[in-house]
Amino acid sequence: SKLDYEQHADYIIRKVFEYGSLDDILEVTTYYGKEKVKSALMKADYLRESTQYFGSLFLDIPITQFRCYNTRQFHPIH
């Protein structure tokens, strides 16, 4: 209730894609528009791997365009 929907749009979009249901994701995409959602996910510092792959398929974006995907490549888990 303390979040401003416009000022905190990127944060809200990322959290909905991480933890929301498909209905939540569809609703946030309708509210903000596909381009705003794409931008928010592509520039995220961190997204779970499953969220990256889902976002890639859902928004028709190559996974390699996600900032957090490319950052992960520099910090592989041993």
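Student: I've got this model open and clicked on Arg-67. What is the relative accessible area of Arg-67?

Tutor: Arg-67 comes out at 43%, so count that residue as partly exposed. Keep in mind that you're looking at a predicted model. As for reading such a percentage, under 20% is buried, over 50% is exposed, and the rest falls in between.

Student: Okay. Which residue does the side chain of Arg-67 meet in a salt bridge?

Tutor: To spot one, look for a Lys or Arg side-chain nitrogen within 4 Å of an Asp or Glu carboxyl oxygen. Here the partner is Asp-45, at 2.8 Å from N to O. Then check where each end sits: Asp-45 is in the loop between H3 and H4, while Arg-67 belongs to helix H5, 22 residues away. Asp-45 has a relative accessible area of 59%, so that end is exposed.

Student: How many salt bridges does the structure hold?

Tutor: There are 5. One of its partners is Lys-36, with the closest N and O atoms 3.2 Å apart.

Student: Is Asp-10 buried or exposed?

Tutor: Apply the cut-off again: Asp-10 has 16% relative accessibility, so it counts as buried.

Student: Now the greasy part. How many residues does the largest nonpolar core have?

Tutor: Think of buried nonpolar residues joined through their side chains. The largest such core here has 19 residues, and those with the most contacts inside it include Ile-13, Phe-17, Val-28 and Phe-66. Helices H1, H2, H3 and H5 each supply at least two of its residues.

Student: Which helix gives the most to this core?

Tutor: H1 does, with 5 residues.

Student: And if I zoom in on Val-28, which residues is it in contact with, leaving aside neighbours within four places in sequence?

Tutor: Skipping those neighbours, you'll find Val-28 in contact with Ile-12, Ile-13, Val-16, Phe-17, Gly-33 and Val-37.

Conventions
Residues numbered from 1 in each chain as written. Predicted model: local features only at pLDDT ≥ 70, side-chain atom pairs only at ≥ 80, totals over all residues. Heavy atoms only, no water. Core = buried A, V, L, I, M, F, W, Y, C linked by side-chain atoms within 4.5 Å. Buried < 20%, exposed > 50% of the residue type's maximum accessible area, 1.4 Å probe, protein only. Helix = DSSP H or I, 4+ residues; strand = E, 2+ residues; numbered from the N terminus. Contact = heavy atoms within 4.5 Å.
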